[in-house]
Amino acid sequence: PGEEEASGEEVVAAASAGAVAVVLACGGGGGGGAGAVGRRVYVGNLSWECQWQDLKDHMRAAGEVLHADILTGPDGRSKGCGLVELSTPEEAARAIAELNDTELMGRMIFVREDREAR
């Protein structure tokens, strides 16, 4: 019985450590993670040439951009979409309201709430 209890504790400790590793692997460390829920938006229909700096500059019209990233495939090429984290949920809502259906680098982009639990 004592061994089983120790094993259970070890499993819980390992699961907790694994959860931390998953959060960090998904960008949860350094100010991201659960606190970013509601502040992050998904931007689609981006030009293949769009860089994170272009996306960040465009999204600044809605507020302070903490992070902007272009999603890429295994080959390093853009997937034509990105994620942007703004400083407040209100700024994220403003980005959706004001920047959806705006032009960036010759393309009409769409902006919506990020639905991924990252």
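Buried means under 20% relative accessible area, exposed over 50% and partly exposed in between, with a 1.4 Å probe and protein chains only. The model is predicted, so local features need pLDDT of at least 70 and side-chain atom pairs count only at pLDDT 80 or more, while totals for chains, interfaces and linings use all residues. Residues are numbered from 1 along each chain as its sequence is written, and side-chain values use heavy atoms, with hydrogens and water left out.

View 1. Cysteine 50 is buried, at a relative accessible area of 3%. Cysteine 81 is likewise buried, with 7% relative accessibility. Taking a disulfide as a pair of cysteine sulfur atoms within 2.5 Å, the count is zero.

**View 2. The open sheet.** Five strands make up an open, antiparallel sheet in the order S2-S3-S1-S5-S4. S2 and S4 are the edge strands, each with a single partner, so one side of each has no neighbour in the sheet. Neighbouring strands are turned by 35° against each other on average, direction ignored. Axes here are lines fitted to C-alpha atoms, for helices over the stretch in contact, and angles run from 0 to 180 degrees between N-to-C directions. Strands are DSSP runs of E of at least two residues, helices are runs of H or I of at least four, and both are numbered from the N terminus. Two strands pair if DSSP finds at least two bridges between them; S1 and S3 pair in the antiparallel sense over five bridges. Valine 43 stands opposite glycine 82 in S3.

**View 3. Helix H2 and its cover.** Helix H2 spans residues 52-59, and its buried residues are Leu55, Lys56, His58 and Met59. Seen down the axis of H2, these residues fall within an arc of 165°, so they line one face of the helix; the arc is that of the directions from the helix axis to the C-beta atoms. Their cover includes strand S1 (40-44), strand S3 (78-86) and helix H3 (89-99). H2 lies across S1, S2, S3, S4 and S5 and runs at about 135° to S2.

**View 4. Serine 47.** Serine 47 sits in the loop between S1 and H2 and is buried, at 6% relative accessibility. Its side chain makes a polar contact with the side chain of glutamate 49 at 2.8 Å. A polar contact is a pair of N or O atoms within 3.5 Å; within protein, one must be able to donate a hydrogen and the other to accept it, and residues adjacent in sequence count only if both atoms are side-chain atoms. Leaving aside neighbours within four places in sequence, serine 47 is in contact (heavy atoms within 4.5 Å) with Ser78, Met105 and Arg107.
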